Amino acid sequence: MSILKKKAILIGCGISGPVMALFLKRIGIEATIYEAQTQHRDDAGAFLGISPNGLNVLKEFMPLDEVLTDFTPGKMTFFNARNKSIGEIDNANQNELYGAETVQLKRGLLNKAIREVAIAKGINIELGKKLTAITQDEKSATAFFDDGTNVTADFIIGCDGIHSAARKSLFPNGPKLSYTGLLSTGGFTKLTNVQDLYGSIRMTFGERAFFAYAISNLGDVWWFNNISRKKEPSRNELTAMELNQLKDTLLDLHKNDPEPIADIIKSANKVEIYPVYDIPFLEKWYKGRVCLIGDSAHATAPHIGQGASLALEDTIVLAKCIRDLPGLEAAFDKFQALRQKRVQKIVREARKVGDNKTVPNKFQQFFRDLLLPFFVKMEAKKMDWVYSYKVDWNEKIS
Ligand SMILES: Cc1cc2nc3c(=O)[nH]c(=O)nc-3n(C[C@H](O)[C@H](O)[C@H](O)COP(=O)(O)OP(=O)(O)OC[C@H]3O[C@@H](n4cnc5c(N)ncnc54)[C@H](O)[C@@H]3O)c2cc1C
């Protein structure tokens, strides 16, 4: 049977799942998406950065206007704890250079926009299907769900994010998620008198924690903070935290940092909090008839805003490999070969940027602040190879 007559199971309807399904449809493969959630949660999560390398993949299926309804610009300006400007990463010429410009989008709304395109193109999405295990033989692969059902197809793609059950089923002794020593908090709020700050994400390396905020095109404040914490917290510990307790902690950490940071924290009605993880290295991204993409294969810390963009890059590259190479194993192998080096470099870079957000003591803070302007300048230069990555759908892979 030709590879293009095959049927696929996609696990996870996040950022990569629906786009993967669309590319597979383009090459004649019928894919069904199985999502653990019982209903779509378009208000889940805070926001994420998406840069030209990811946006150019989205453009394969939708005009960017459709996702740019509620966003903040991606330009970054950096300050130290004394509110002294220490540099910026400007995106002014990104459209010209790369064909799109970095933005921050609400994760839920991006997910919704992508999903709706997939549904409109006839992709079937089944909700309430939480993957528990995968089995396979020479002819097929089967996904088992926690409602007791199972489905079989020619191959399976794990698009099920950082805590991937597909990864655990494939590689039960594989590497565990690595806690990066940072907690992230964030959310959306409204404040008066900040609209003139529209235009960039203002990032402050504060005295005891990192804080960033931006004004959206609709005039809202989008913010996040990073807190250094050596010991990995338990899930229960974080979910048990009351909003006021969390806000008090943040206010204390940022008490000496510039305004309007305290006002933003005080005005928050909801605060997301999660530990930051990555996967430093997963040796193999596939096994037999099952392949992993996105966070499932290579979760990265969010500090250079590449998680969603890398997941999107994966979708187009994997679809081309399946289209052009004889057999699944060859396709998955080539996919990993084409992607792993780049992805690994970005995961390492994100970790490094995160490490700069931690402030162990006053002495180290002094030297960090001294070096930050150079660090920011170097980071700005370094991003060109990340943003300029563009995959030509028509170019054949051999
Ligand atoms: C609810 C949610 C909120 C998020 N919020 C943010 C944020 O605020 N900022 C940020 O930078 N990143 C956030 N992320 C992560 C971000 O979306 C990813 O890092 C990135 O987009 C990579 O996309 P992905 O497709 O690999 O994984 P994701 O976009 O994470 O998608 C994974 C999908 O798989 C589903 N899934 C998980 N386990 C199973 C299972 N066992 N069976 C079936 N389906 C399963 C999930 O429900 C989800 O829909 C969030 C992810 C989720 C799921």
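Biologist: How many of the twelve residues in strand 13 are buried?

Modeller: Eleven of the twelve are buried, so strand 13, residues 178-189, is mostly covered. Keep in mind that this is a predicted model.

Biologist: Which strands does strand 13 pair with?

Modeller: Strand 17, residues 272-278, is one partner, and six bridges join the two in an antiparallel arrangement. Strand 16 is another, also antiparallel, over eight bridges.

Biologist: Which residues stand opposite each other there?

Modeller: On the strand 17 side, Leu183 stands opposite Pro275. On the strand 16 side, Thr185 has Asn225 as its bridge partner.

Biologist: How many residues sit between strand 15 and strand 16?

Modeller: Five, and the two strands form a hairpin. Gly219 is in that turn, with a positive phi of about 90 degrees.

Biologist: What about the other neighbour, strand 14? How many bridges join it to strand 15?

Modeller: Four bridges, again antiparallel, with strand 14 covering residues 201-205. These two strands also form a hairpin, with four residues between them. Phe205 stands opposite Phe210 in strand 15.

Biologist: Is strand 15 mostly covered or mostly open?

Modeller: Mostly covered. Six of its six residues, 210-215, are buried.

Biologist: Which side chains point which way?

Modeller: Phe210, Ala212 and Ala214 point one way. Phe211, Tyr213 and Ile215 point the other way. All of them are buried, on either side of the strand.

Biologist: Let's move to loops. Where is the cis peptide bond?

Modeller: Between Glu259 and Pro260, with omega near 5 degrees. Pro260 is in the loop between helix 7, residues 243-253, and helix 8, residues 261-267.

Biologist: Which residues other than glycine have a positive phi?

Modeller: Asn83 is one of them, with phi near 70 degrees. Asn193 is another, with phi near 65 degrees.

Biologist: Where are they?

Modeller: Asn83 is in the loop between strand 5, residues 76-80, and strand 6, residues 85-89. Asn193 lies in the loop between strand 13 and strand 14.

Biologist: Buried or exposed, those two?

Modeller: Asn193 is exposed, at 72% relative accessible area. Asn83 has 38% relative accessibility, so it counts as partly exposed.

Biologist: Switching to cysteines. How many disulfides turn up?

Modeller: Zero, in a search of the whole structure. Cys291 is in no disulfide, and the nearest cysteine sulfur, that of Cys321, is 8.9 Å away.

Biologist: Are they buried or exposed?

Modeller: Both are buried. Cys291 has 0% relative accessibility, and Cys321 has a relative accessible area of 0%.

Biologist: What about Lys320, buried or exposed?

Modeller: Buried, because its relative accessible area is 4%, and the cut-off for buried is under 20%. Lys320 is in helix 10, residues 307-324.

Biologist: How far is Lys320 from Lys121?

Modeller: Their C-alpha atoms are separated by 19 Å. Along the chain they are 199 residues apart.

Biologist: Now the surface. Which residues form the nonpolar patch?

Modeller: Phe363, Phe366, Phe367, Leu370, Leu371 and Phe374. Together they have about 700 Å² of accessible area.

Biologist: Where does Phe363 lie, and is it buried or exposed?

Modeller: Phe363 lies in helix 12, residues 362-382. It is exposed, with a relative accessible area of 60%.

Biologist: Last one. What does UniProt place at residues 8-349?

Modeller: The record, an unreviewed entry, gives the feature "domain: FAD-binding" there.

Biologist: How much helix and strand is in that stretch?

Modeller: Over residues 8-349 the chain is 32% helix and 28% strand. The end C-alpha atoms of the stretch are 33 Å apart.

Notes
Residues are numbered from 1 along each chain as its sequence is written. This is a predicted model: local features need pLDDT of at least 70, side-chain atom pairs count only at pLDDT 80 or more; totals for chains, interfaces and linings use all residues. Side-chain values use heavy atoms; hydrogens and water are left out. Patches are made of residues with over 30% relative accessible area and no salt bridge: like charges are joined within 9 Å, nonpolar side chains (Val, Leu, Ile, Met, Phe, Trp, Tyr) within 5 Å. Accessible areas come from the Shrake-Rupley method with a 1.4 Å probe; for residues, only the protein chains shown count as cover. A salt bridge is a side-chain nitrogen of Lys or Arg within 4 Å of a carboxyl oxygen of Asp or Glu. Buried means under 20% relative accessible area, exposed over 50%, partly exposed in between (1.4 Å probe, protein chains only). UniProt positions are given in the numbering used here, feature names are shortened, and annotations may be inferred rather than shown by experiment. A disulfide is a pair of cysteine sulfur atoms within 2.5 Å. Two strands pair if DSSP finds at least two bridges between them.
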